[in-house]
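Reader: I would like the terms used for this model set against their cut-offs. Please start with the contacts.

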Amino acid sequence: MQVIYTLSFICSSTLLLDTATKVSDDCVSYDCPPNSQPWQVYITSNGQPCGGSLINERWVVSAAHCKIASHLTVHLGEHNVYVEEGTEQRIGAEKVIPHPKYNDYTTDNDFMLIKLKEPAIFNEYVKPIPLATKCSSAGEQCLVSGWGRTEEGEISTSPQLSGACW
């Protein structure tokens with residue numbers, strides 16, 4: 001199953017979840033508060049959606065399976081992809097670099113870098129992801145966010161940014 005939840009992991013010792021839904025004993029799903037994940041990007045390619053994380057003003061990390069076509073548009077500052085909220089920046093991809101050993105059949109090495117045609121403008125809605133300086137510890141809560149399916153077998157994806165932690 002391919003989902004849009006892509007490489008946007010944040011770990012912390014506590015997380016406050018107002019609208020949480022238990023997915024399993026170890027995981028809850030919830031709607032992210034607007035613009036609470038300012039590094040999360042929504043990627044479109046000929047109408048096909050994917051996700052990624054902004055790592056600096058010119059680069060995004062995503063999944064290699066997201067390179068559906070040669071033309072990618074990166075949407076920054078998104079929350080609900082069906083609503084124009086006035087916080088968005090849309091920037092085309094200048095260069096797409098999938099892992100050289102990405103295997104489309106097995107999805108091994110399923111990551112890529114996307115160089116933006118112009119720099120993102122950082123503000124309260126668009127910021128780079130704080131990169132980890134160490135590995136997470138056993139028992140530490142982690143968060144994944146995106147616009148993907150929240151349950152196995154779901155047909156459609158969420159238009160609003162969602163998260164899950166475990």
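Predicted model: local features only at pLDDT ≥ 70, side-chain atom pairs only at ≥ 80, totals over all residues.

Reader: What makes two residues count as a contact here?

Author: Their heavy atoms must lie within 4.5 Å.

Reader: Which secondary structure elements does the protein have?

Author: The protein has 11 strands and 0 helices. Along the sequence the pattern reads β-β-β-β-β-β-β-β-β-β-β.

Reader: Why is the pair of tyrosine 42 and tryptophan 147 called edge-to-face?

Author: The structure holds 1 aromatic pair. The ring centres of tyrosine 42 and tryptophan 147 are 5.1 Å apart, and the planes stand at 70°. Centres within 6.5 Å make a pair, and planes over 60 degrees apart count as edge-to-face, so this pair is edge-to-face.

Reader: What makes this pair a tie between separate parts of the sequence?

Author: Tyrosine 42 sits in strand E4 (residues 40-45), while tryptophan 147 belongs to the loop between strand E10 (141-146) and strand E11 (162-165), so the pair ties together parts 105 residues apart in sequence.

Reader: Are tyrosine 42 and tryptophan 147 buried or exposed?

Author: Both tyrosine 42 and tryptophan 147 are buried, a term that requires under 20% relative accessible area. Of the protein's 166 residues, 40% count as buried.

Reader: Where is confidence lowest and where is it highest?

Author: Strand E1 (residues 9-12) has the lowest mean, 36, and strand E6 (residues 59-62) the highest, 96. Over residues 1-20 pLDDT stays under 50. The protein averages 79, and 73% of the residues score at least 70.

Definitions and conventions:
Residues numbered from 1 in each chain as written. Heavy atoms only, no water. pLDDT = per-residue confidence, 0-100. Helix = DSSP H or I, 4+ residues; strand = E, 2+ residues; numbered from the N terminus. Buried < 20%, exposed > 50% of the residue type's maximum accessible area, 1.4 Å probe, protein only. Phe/Tyr/Trp six-rings, centres within 6.5 Å; stacked < 30°, edge-to-face > 60°.
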